[in-house]
Amino acid sequence: MGLLSFLQKIEPDKKKSPFLHTLYDGFFTFAYAPNSTTKGGVHIRDGMDLKRTMVMVVLAMQLCYVFGTYNIGHQHFVAMGEHLGFLEGFHLKLVHGLIKLLPIFIVTHAVGLGIEFWFAAKKGHAIEEGFLVSGALIPLIMPPDLPLWILAVAVAFAVILGKEAFGGTGMNIWNVALLARVFVFFAYPTSISGDEVWVSGFEGMASGASVDYGWAHGLFNNLFSWMDLSTFNSAAVVADGYSGATPLALAYQGGWENVTATFSESQMFWGSIPGSIGETSKPLILIGAGILLATGIASWRIMLSMFIGAVVMGMILNGWGATPFMTVPWQYQFYMGSFFFAMAFMATDPVTASSTNAGKWVYGLLIGMIGMLIRVINPAYPEGWMLAILFLNTFAPLIDHYVLEGNMKRRMKASAAAISSHSVHTENEVTHA
Amino acid sequence: MLLAALLMIAVVLILASVLSVSDNLIQIEAKKQGIDTRKNNLSIFPNFSDLFGKKPPKAADPSRFHNLKGGHNIKLVGVADGPIENGHTSRYALKPTDFRGIAPIPKLEVAVGDSVKAGDVVFYDKLSPEIKHVAPVSGEIVEVRRAAKRAISHIVILADKEQQHVQHDIINVDTASKEDIIAYMKAVGVWPLMNQRPFDVVPDPAQTPDNIFISTFSTAPLAPDYSVMLDGRAADLQEAVDCLSRLTSGKVYLGVDGRTDEVHSAIANVSGAEKHYFNGKHPAGNVGVQIHHIAPIKNTGCVWTMSLENALILGRLMNTGVYDTSKVVALAGAQFEQPKLVKTYAGASLKELTQGNIKAEGTTRLIQGDVLAGQTAVEDDFLSSGSNQITSIKEGDQYELFGWLLPITPRPSISKTMPGFLMPGHQYEADTNTHGEKRAFVVTGQYEKMLPMDIYPQHLLKAIMAGDIERMEGLGINELSEEDIALAEFSCTSKMPLQQILREGLDMMREQA
């Protein structure tokens with residue numbers, strides 16, 4: 001209990017320094033579950049709280065972090081035509097990935113948590129856990145070379161206008177992480193779309209463009225050369241014929257044959273392809289989805305219906321077959337893009353999804369159908385989950401509204417039937433009298 | 001050959017589709033006629049639950065068997081069983097605060113120093129003076145305890161060694177007029193033993209309830225087995241059913257435990273009441289849940305409910321003319337040295353009932369009722385009317401290092417992130433710690449799982465918070481009472497005070513009515 005009494009001793013005064021106290025309270029309740037007891041109502045409470053719920057989601061996406069970090073480095077070297085084997089140049093790929101990912105992670109959390117803390121202090125409530133998940137998701141859905149200032153602006157936009165303006169965790173209409181991404185998408189489209197942004201560490205993506213290494217690469221070069229390992233080659237250039245295009249971009253141009261000419265199916269499945277940081281590896285995302293389903297944290301209804309919706313729309317588009325992309329067999333659509341990541345971590349956000357079980361079916365189904373439609377039809381950007389989910393976030397309350405109306409109508413009808421039979425009853429009595 | 005096979009398949013498919021379409025048409029027609037197709041399977045195809053679900057008990061009519069999904073049984077340490085000990089205490093009390101819907105300062109008929117017999121009038125509500133509240137035991141009035149704003153909280157009686165009862169005239173419930181029965185029940189003090197829903201108040205004698213419901217079992221944590229109180233009381237139960245069936249325009253319904261094949265003979269032999277069998281986890285034993293599945297409360301009407309133990313008091317009074325509140329109380333929970341069943345009277349002193357039986361270790365909280373819907377006992381409290389269970393648990397006012405992430409001590413939870421779901425039989429030593437702080441609603445679908453009713457609790461609670469009366473009514477607030485959503489409150493990840501919010505809503509509705 002030494003730590004406990006030490007922590008209690010350093011508690012700042014709430015009135016004099018509300019910000020410090022909020023900060024202290026946040027970290028104290030992180031370290032120690034509070035000693036509050038039940039008053040009125042139930043006498044015992046479930047061991048589950050929001051912190052644990054949120055941390056479970058964060059844990060479920062850790063494999064995506066591990067793979068995503070490594071894949072940043074891997075794609076970087078593939079573009080140069082060096083260390084083409086997945087595990088070749090392991091140390092270089094890992095270090096390059098960390099050099100790209102860590103700043104994104106730190107900036108996301110510094111900006112996001114900073115705003116959260118400030119609002120919590122200003123409103124005088126405890127720090128809420130919502131940003132634990134949003135902050136873990138945002139780095140995974142960004143391209144690795146995203147300028148940090150754009151990221152900072154996007155996170156600030158999402159947290160202030162997307163969340164705090166509505167009242168904080170649990171009150172927001174749109175998924176905070178996707179809001180950050182869609183902000184970049186519309187405000188700085190060149191940094192998140194096209195063929196050039198998914199592979200990091202180059203000045204451009206044309207053949208012959210030179211690498212763009214910073215001081216950190218130099219630092220590690222010294223270390224690696226001292227350890228007699230291979231080093232970053234600052235004279236390297238993008239290999240001839242390399243475009244940096246993602247499978248989806250290739251499919252848009254020339255259908256499935258065009259994709260398989262560059263990427264193998266197993267490559268796409270395991271995820272060693274260019275893309276947003278955490279979205280590429282399907283099995284690792286599905287492990288995360290499995291954790292969320294097994295613990296009951298994410299809704300299986302949303303996941304299943306979203307999958308069904310995507311399959312159905314994929315088949316419809318196959319039948320239509322007007323463009324090369326439409327002719328991609330529906331099952332291959334799932335090898336490309338971020339469907340599974342969106343399904344596991346984005347659509348299932350309980351705050352922004354439909355809150356009734358019937359509504360969840362409709363919500364997931366529509367995301368699946370609309371998302372697939374946008375992916376295939378949209379000429380500017382061949383992926384649709386972000387837009388589909390935000391679109392359905394907007395309509396989730398409407399879906400719930402109709403589900404609840406149905407419930408209310410059933411009840412009113414039963415009562416109305418009772419009134420009419422009752423009035424008949426009294427009429428009879430009156431005539432009898 | 002191939003052609004013949006294909007033809008066969010085609011014929012089978014066409015037949016199947018014709019069957020399925022006509023089957024659906026039957027269902028649609030049934031819905032138009034207002035038949036509940038979930039309960040009465042009109043289809044030629046059996047339901048999934050017909051094939052694999054729990055079979056109804058042998059005694060049960062299949063159409064009156066309700067297999068409830070969802071809910072959760074919280075298993076706690078300290079089950080009270082064994083032989084029934086004598087729990088006669090020296091002091092008893094009548095608590096006006098036990099009766100919702102009466103004025104806070106009732107009119108006392110007795111003063112300190114007066115002697116009363118069991119069944120003598122002690123006080124009445126100024127709003128309805130004909131409804132009498134009577135003494136549970138004979139003895140001397142020794143104290144009138146007052147709470148805030150001079151509201152009377154306890155009227156304490158020092159009990160006689162030899163109990164004396166007022167001998168009332170016996171009326172024949174089959175031949176007496178309904179008005180006479182009501183007047184009699186009000187005068188002898190059994191009227192407040194009934195409960196009116198919506199709002200959970202003492203029934204208004206001017207209203208005729210649509211139906212009257214009695215739940216004959218409890219699924220609450222550590223609740224005693226009701227067969228203990230039924231032994232030898234078959235005649236009293238029958239009399240109570242006969243009496244109650246005179247008061248309603250509908251029926252008297254008994255909610256019976258459908259989890260086992262064994263039905264207590266007192267219940268099996270009762271006639272004049274419709275028995276419905278319920279299988280499921282807590283809150284399947286709650287009368288509110290049972291009402292929802294038998295004949296839901298209409299927004300325009302009301303129903304009355306009675307606990308089994310109060311029904312037995314009513315039955316004995318109707319049979320013998322004696323107001324006898326003797327009952328079996330379970331002293332359950334981890335903080336009792338020896339959890340046990342005791343026989344005592346309504347209003348017994350908790351201090352005496354629990355003396356020498358409470359563990360010295362830790363601070364103990366005594367609860368009138370179960371850990372979900374019970375009330376914290378105050379200092380020197382007395383058994384509440386309608387309470388047949390005293391639960392003792394430890395106060396959980398300790399900090400826990402990383403308690404939210406790595407809980408050291410096992411704790412009950414519905415979450416599969418806790419290892420507890422792997423050990424379904426484990427009995428927990430739960431304490432009163434909240435295990436987290438209050439947050440806004442985040443998780444969805446959780447309350448629905450803990451409430452086997454066609455109600456959306458989270459949306460109802462939001463409607464209450466917004467004060468939207470019409471929506472509250474539409475979403476079914478009238479069907480709910482605190483005890484029904486207590487389990488949902490336990491499970492709430494955001495630690496919301498569900499019962500408190502619901503009561504605020506019910507109070508709003510009552511003001512409107």
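**Exercise 1. State the average confidence of chain B and the share of its residues that score at least 70.**

Step 1. The average pLDDT of chain B is 89, where pLDDT is the predictor's confidence in each residue, from 0 to 100. Step 2. In chain B, 95% of the residues score at least 70. Step 3. For the model, ipTM is 0.89 and pTM is 0.89.

This is a predicted model, in which local features need pLDDT of at least 70, side-chain atom pairs count only at pLDDT 80 or more, and totals for chains, interfaces and linings use all residues. Residues are numbered from 1 along each chain as its sequence is written, while chains are lettered from A and ligands numbered from 1 in the order in which they are written.

**Exercise 2. Describe how domain 1 of chain A meets domain 2 of chain A.**

Step 1. The bounds, from an automatic or database domain assignment, are 55–213 + 224–244 for domain 1 and 297–433 for domain 2 of chain A. Step 2. Their C-alpha centres are 31 Å apart. Step 3. Contact (C-beta atoms, placed from the backbone, within 7 Å) joins 13 residues of domain 1 to 12 residues of domain 2 in chain A. Step 4. On the domain 1 side, α3 (50–60) and α8 (176–187) of chain A each contribute at least two residues; helices here are DSSP runs of H or I, at least four residues, numbered from the N terminus. The largest share, three residues, belongs to α8(A). Step 5. This side comprises eight nonpolar, four polar and one charged residue. Ala, Val, Leu, Ile, Met, Phe, Trp, Tyr, Cys and Pro count as nonpolar, Asp, Glu, Lys and Arg as charged, and the others, Gly among them, as polar.

**Exercise 3. Characterise the packing of α2 (residues 18–31) against α5 (residues 90–123) in chain A.**

Step 1. The helices pack at about 115 degrees with axes 8 Å apart; axes are lines fitted to C-alpha atoms over the stretch in contact, and angles run from 0 to 180 degrees between N-to-C directions. Step 2. From α2(A), the residues A:Pro18, A:Phe19, A:Thr22, A:Leu23 and A:Gly26 meet A:Phe117, A:Ala120 and A:Ala121 of α5(A). Step 3. This contact has six nonpolar, two polar and no charged residues.

**Exercise 4. How many residues of domain 1 of chain B are in contact with domain 2 of chain B?**

Step 1. Domain 1 of chain B spans 89–159 and domain 2 spans 178–320. Step 2. Their C-alpha centres are separated by 25 Å. Step 3. In the contact, 10 residues of domain 1 face nine residues of domain 2 in chain B. Step 4. The domain 1 side has four nonpolar, three polar and three charged residues.

Conventions:
Contact = placed C-beta atoms within 7 Å.
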